[in-house]
Amino acid sequence: MENAIEKHTIAVLVDNEPGVLARVIGLFSGRGYNIESLTVAEVNNADHLSRITLVTSGTRMIIEQIKAQLGRLVPVHRVHDLTDEGPSVERELALVKVAGTGDKRIEALRLADIFKAKVVDATLTSFVFELTGTTSQVDDFVGLMTQLGLVEASRTGVVAMSKGPAAF
């Protein structure tokens with residue numbers, strides 16, 4: 001089991017300054033690690049801090065190596081492996097454009113209702129749906145819409161935080 005590939009969501013608190021994201025990405029690309037999802041946003045304007053949430057996969061040893069190397073970067077304040085540190089909440093936002101008429105259009109609206117997707121744009125021949133959920137829920141919705149006339153999809157990547165009262 002030591003060589004089993006695991007997917008981990010890692011949150012990194014960094015200085016919000018030019019070049020920080022490039023340094024973090026460089027750590028991954030320089031060692032051949034893959035980033036499956038990446039989101040970045042400023043979370044504390046007064047202290048100029050940003051939060052990078054990334055999803056990566058590898059063996060337990062590789063994940064530990066990634067966390068250690070991230071922690072050594074100068075602009076990094078904290079590294080949290082949300083997968084290992086207890087319960088967390090993960091969500092992803094997607095915009096999904098579906099074109100179709102007749103029964104396919106009705107079915108797309110029905111499925112959107114089941115997935116609690118909102119219609120954010122509609123024409124006589126297409127819809128743009130907004131969906132927020134887990135990565136697997138978004139995958140499922142996109143998969144179903146592919147059969148009904150998916151034109152394109154745009155996804156934010158995973159955002160996540162630990163459950164409970166403790167702050168990052």
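Q: Which residues of α4 do A108, L111 and A112 in α3 meet?
A: This is a predicted model, where local features need pLDDT of at least 70, side-chain atom pairs count only at pLDDT 80 or more, and totals for chains, interfaces and linings use all residues. Residues are numbered from 1 along each chain as its sequence is written, and side-chain values use heavy atoms, with hydrogens and water left out. Contact here means heavy atoms within 4.5 Å. On the α4 side, the partners are F141, L144 and M145.

Q: How are α3 and α4 oriented to each other?
A: Helix α3 covers residues 103-114 and helix α4 covers residues 135-146. Their axes come within 10 Å and cross at roughly 170 degrees. Angles over 145 degrees count as roughly antiparallel, so α3 and α4 are roughly antiparallel.

Q: What is the handedness of the crossing where α1 passes α2?
A: A crossing is left-handed if the near helix is turned anticlockwise from the far one by less than a right angle, and right-handed if clockwise. By that rule, α1 passes α2 in a crossing that is right-handed.

Q: Is T9 buried or exposed?
A: T9 sits in strand β1, residues 6-15. Buried means under 20% relative accessible area, and exposed means over 50% (1.4 Å probe, protein chains only). T9 has 4% relative accessibility, so T9 counts as buried.

Q: Which residue's side chain makes a polar contact with the side chain of T9?
A: A polar contact is a pair of N or O atoms within 3.5 Å; within protein, one must be able to donate a hydrogen and the other to accept it, and residues adjacent in sequence count only if both atoms are side-chain atoms. At 2.6 Å, the partner of T9 is E90.

How values were computed
Helix = DSSP H or I, 4+ residues; strand = E, 2+ residues; numbered from the N terminus. Axes fitted to C-alpha atoms, helices over the stretch in contact; angles between N-to-C directions. Parallel < 35°, antiparallel > 145°, perpendicular 65-115°, else oblique.
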